[in-house]
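This report describes selected packing and pairing features of one structure. The sequence and the model are shown first.

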Amino acid sequence: MKLSFAIPKDLDAMQLTEFEKYVSAVAEMGYEAVEPLINDPAKVDQEGVLHILERHGMKLSGLRSGSVYIKNGWRLSSPEEENRAKAVQRLKDIILLAGAFHTNVMVGLLQGHLGEGETLERAEEMIVTGLRECGEFAALHQVTILYEAVNRFELEYHNTTEQAISMLKRMNQGLTHPIRLLPDVFHMHLEDPSIPSALIRSMPYMGHVHFADSNRRAPGEGCIDFVEVVKDLAAMGYDGYAAVEIEPKPSILDSARNAMKYLGPIVEAVGTY
Ligand code: LER
Ligand code: MN
């Protein structure tokens, strides 16, 4: 398992000098990749980003799309054709950029809150249709869409691993390059019967994983058992990235340092079975 740090900023809103400051600092700490948020891919200097990653021997473990919903209000569940089309188009633009970066795209919050009178049944139909269309598009660019269950305080549906898996099964029917599951142990702690059982359940669908402790702080600062989590993932043969996606407290780089101080030795000691 390789550790990545989820930079809590939009890639398109950072100056290259700021991006490099984070990349170089977390590379020094021992992270192998970074995972920024993204809103507008048109504003990203692709060459500049690639040069920085190369200079520090770092990879991109993915692009997180939640900002598209937060910043613009566009959502995959919207009953308004124009709003939904904007969400789908922006996701495709992000997929194109991810293709150029040889990385993947995460989708969770982009499903969006449901408005008054909207039914989950109808919302699911639109989410499935939109993500199937984006899934076909992603396949053409060798990009994988990673679908995340988000806890009830951030999104009022598709909160458990089981619910995300049943959505995945609907979306993936007939797709040559399936959408994969993104379990986030912070959300799992709030929603699933147990993190180990949900990880085992995730195994056939799994494409990525997010790490944060029970209070969304650095692993080690809450009550999730990360020795168990890392052992479970190793036993599952998971050898992808685990991205540390935490509150930037006391600061972005301090939180990254605290997470690595705790997780680094666990990952190293557990290794892979
Ligand atoms: C995104 O990966 C996530 O975990 C959400 O909680 C975003 O706030
Ligand atoms: Mn997450």
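Leu91 is in contact (heavy atoms within 4.5 Å) with Ser65, Val105, Val107, Leu110, Leu131 and Cys134, leaving aside neighbours within four places in sequence. Leu91 lies in helix α4, residues 81-100; helices (H or I, at least four residues) and strands (E, at least two) are DSSP runs, numbered from the N terminus. With a relative accessibility of 0%, Leu91 counts as buried, where buried means under 20% relative accessible area, exposed over 50% and partly exposed in between (1.4 Å probe, protein chains only). Leu91 and Leu131 are 40 residues apart along the chain, and their C-alpha atoms are separated by 9.1 Å.

The model is predicted: local features need pLDDT of at least 70, side-chain atom pairs count only at pLDDT 80 or more, and totals for chains, interfaces and linings use all residues. Residues are numbered from 1 along each chain as its sequence is written, chains are lettered from A and ligands numbered from 1 in the order in which they are written, and side-chain values use heavy atoms, with hydrogens and water left out.

Tyr31 touches, among others, Leu3, Phe5, Val244 and Met260, not counting residues up to four places away in sequence.

An open sheet of 5 strands runs in the order β3-β2-β1-β9-β8, with parallel pairing. Because β3 (59-60) and β8 (209-211) stand at the edges with a single partner strand each, one side of each is left without a neighbour in the sheet. Two strands pair if DSSP finds at least two bridges between them. Two of the pairings are listed below.

| Pair | Bridges | Sense | Example partners |
|---|---|---|---|
| β1 (residues 2-5) and β9 (residues 241-244) | 4 | parallel | Ser4 and Ala243 |

Elsewhere, the axes of helix α6 (residues 161-172) and helix α8 (residues 195-202) come within 10 Å and cross at roughly 10°. That makes α6 roughly parallel to α8; angles under 35 degrees count as roughly parallel, over 145 as roughly antiparallel, 65 to 115 as roughly perpendicular and the rest as oblique. Axes are lines fitted to C-alpha atoms, for helices over the stretch in contact, and angles run from 0 to 180 degrees between N-to-C directions. Thr161, Glu162, Ile165 and Lys169 in α6 meet Ala198, Arg201 and Ser202 in α8.
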